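Dear colleague,

Please find the structure below, handed over for your files. My notes on it follow directly after.

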Amino acid sequence: ISNPGEWQTLTSGLPITEQLTQAGRDIEQASFAIIDQEAGPHGYSGEQWPLVRRLIHASADFEFNGLTQFHPRAIRAGIEVLRAGRPIVVDVDMIRVGVSQPRLDHFGVEIHHIIKDEDVIHLARAEGSTRAVQAMRKARRLGLLDGALVAIGNAPTALLEVLRQIRAEGAQPGLIIGMPVGFVSAAESKEELAQLQDIPWILTQGRKGGSTLVVAAIHALLALAEAREPKRGQAG
């Protein structure tokens, strides 16, 4: 896809919303139109802007027009991961609750949330680490990380642990959404994520982030993955 207009044509009329009423759909589309108008010119591609727009929609914060950064292959990687039915590994339950179950079911995608597991809590206490760190280690032991969409919106230590596993153990996530929010290691963990060359990522610079934004990013990728599906009656 070479330009934003081509992408907009491709996605027009597709089911990119979970609104169940026409009134809800009208409000959402009006919100998107306001965002497009007020955001003005930007440097994002036609594939990237729908995701940035959803971050702004979820937060009413136009600073994400600029704070959001993408690895060059991030959108394509996210679409491929979802269409292949690969797992989504998240740091907190809020993300799992927020993502549309019908859309996950459509692609056969399962979300894995491990931070509340008893063995994770036990190891965190025993080793003096965080539950988020132990959750990512358990995800690795279970074989969930390689090829997965790893989505982190709350715990910088979870993101730092995934990055450690990539460097030290050769872990190969399919895409990392790194948007931890906060004041301790949040900005630094995302700066480290941005150094990855071979594994695609999407991040929000600095302290801003959060689980709500991760949910919005996943919904944007799910919508784009739907847009890539051939229309009924088409070959391929």
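Salt bridges with shared partners join Glu127, Arg137, Arg140, Asp146, Glu161, Arg164 and Glu169 into one network. Glu169 is partly exposed because its relative accessible area is 38%, and Arg140 counts as partly exposed because its relative accessibility is 22%. Here buried means under 20% relative accessible area, exposed over 50%, and partly exposed in between, with a 1.4 Å probe and protein chains only.

Before going further, please note that this is a predicted model, in which local features need pLDDT of at least 70 and side-chain atom pairs count only at pLDDT 80 or more, while totals for chains, interfaces and linings use all residues. Residues are numbered from 1 along each chain as its sequence is written, and side-chain values use heavy atoms, with hydrogens and water left out.

The structure holds 16 salt bridges. Among them is the pair of Glu47 and Arg76, whose closest N and O atoms are 2.5 Å apart. Glu47 sits in the loop between helix H2 (22-39) and H3, whereas Arg76 sits in helix H5, so that the pair links distant parts of the chain, 29 residues apart. Glu47 is buried because its relative accessible area is 11%; Arg76, at 32%, is partly exposed. Helices (H or I, at least four residues) and strands (E, at least two) are DSSP runs, numbered from the N terminus.

Lys138 likewise forms a salt bridge with Asp119, at 3.1 Å between the closest N and O atoms. Lys138 lies in helix H9 (residues 131-141) and Asp119 in helix H8 (residues 118-127), so this pair ties together parts that are 19 residues apart in sequence. Lys138 is buried, with a relative accessible area of 14%, while Asp119 counts as partly exposed at 34%.

Turning to the sheet, 6 strands form an open arrangement in the order E1-E6-E5-E4-E2-E3, with mixed pairing; two strands pair if DSSP finds at least two bridges between them. Strand E1 (68-70) and E3 are the edge strands, each pairing on one side only. On average, neighbouring strands of this sheet are turned by 15° against each other, direction ignored. Strand E4 (residues 149-152) pairs with strand E5 (residues 175-178) in the parallel sense over 4 bridges, and Val150 stands opposite Ile176 in E5.

Two helices accompany the sheet. Helix H3 (residues 49-59) lies across E1 and strand E6 (201-204), and runs at about 155° to E1. Helix H5 (residues 74-83) packs on the sheet and touches E1, strand E2 (88-90), E4, E5 and E6; its direction makes about 115° with that of E5. Axes are lines fitted to C-alpha atoms, for helices over the stretch in contact, and angles run from 0 to 180 degrees between N-to-C directions.

Finally, His112 is placed in strand E3 (residues 111-113). His112 counts as buried because its relative accessibility is 19%. Not counting residues up to four places away in sequence, His112 touches Pro87, Ile88, Val89, Val90 and Leu144, where contact means heavy atoms within 4.5 Å.

With kind regards

Terms used:
Salt bridge = Lys/Arg side-chain N within 4 Å of Asp/Glu carboxyl O.
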